[in-house]
Amino acid sequence: MKTVLVINAGSSSIKYQLLNPETGEVLANGLVERIGLKEGNITHEAGKKEWTLELPIPNHAFGLKKVIELFDKYGPKLADANVVAVGHRVVQGGEKFSRPVIVNDQVIQDIKDLIPLAPLHNGANATGIEVAREIFPNIAHIAVFDTSFFHKLPKEVST
């Protein structure tokens with residue numbers, strides 16, 4: 001079975017799911033909350049079980065690395081999950097991105113350039129992508145933009 005890891009690195013949280021793209025079955029999911037505050041927590045669910053870890057989470061990079069540790073400790077182990085792609089939610093794609101794209105260094109820079117349009121989100125989105133690319137360097141990373149929806153609206157509706 002092939003799986004896809006989906007990451008939504010938000011302004012102060014990270015949501016994630018590991019799923020079977022053919023059936024939509026969610027194999028594991030979780031939430032990292034209160035990033036940057038003194039008291040944070042991570043909830044990881046897999047196989048009808050749930051684990052919660054309470055600790056300070058100074059930044060998104062730390063939080064995502066802890067998520068990977070939870071997969072290794074409680075499962076399913078990502079090294080054995082046949083992850084074929086990592087999907088990333090990005091809030092603001094501006095005029096540049098009207099559909100999902102395969103991430104490369106230029107895409108990350110473009111996401112960072114759009115931070116003024118979504119200051120609470122695009123920086124965290126870019127960090128999540130960068131950390132995930134470090135962890136999974138040989139897997140395709142796909143960015144999906146919230147603003148893609150608006151590219152399809154007729155001009156008279158969008159203005």
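**View 1. Arg34 in the loop between strand 3 and strand 4.** In this predicted model, Arg34 sits in the loop that links strand 3 (26–33) to strand 4 (40–46). Check its backbone: phi is positive, about 65 degrees, even though Arg34 is not a glycine. Arg34 has 43% relative accessibility, so it counts as partly exposed.

**View 2. The loop between helix 1 and strand 6, with Pro76 and Asn82.** Pro76 lies in the loop between helix 1 (60–74) and strand 6 (83–90). Asn82 is not a glycine, yet its phi is positive at about 55 degrees. With 40% relative accessibility, Asn82 counts as partly exposed.

**View 3. The hairpin of strand 1 and strand 2.** Strand 1 (residues 3–9) pairs with strand 2 in the antiparallel sense, over 6 bridges. To find your way around, pick out Val4, whose bridge partner in strand 2 is Leu19.

**View 4. Strand 2 and its hairpin with strand 3.** Strand 2 (residues 13–19) has 5 of its 7 residues buried, so it is largely enclosed by the rest of the structure. Strand 2 and strand 3 run antiparallel, joined by 7 bridges. Here Leu18 has Ala28 of strand 3 as its bridge partner. This hairpin has 6 residues between the strands, and Gly24 in the turn shows a positive phi of about 80 degrees.

How values were computed: Residues are numbered from 1 along each chain as its sequence is written. This is a predicted model: local features need pLDDT of at least 70, side-chain atom pairs count only at pLDDT 80 or more; totals for chains, interfaces and linings use all residues. Side-chain values use heavy atoms; hydrogens and water are left out. Helices (H or I, at least four residues) and strands (E, at least two) are DSSP runs, numbered from the N terminus. Buried means under 20% relative accessible area, exposed over 50%, partly exposed in between (1.4 Å probe, protein chains only). Two strands pair if DSSP finds at least two bridges between them.
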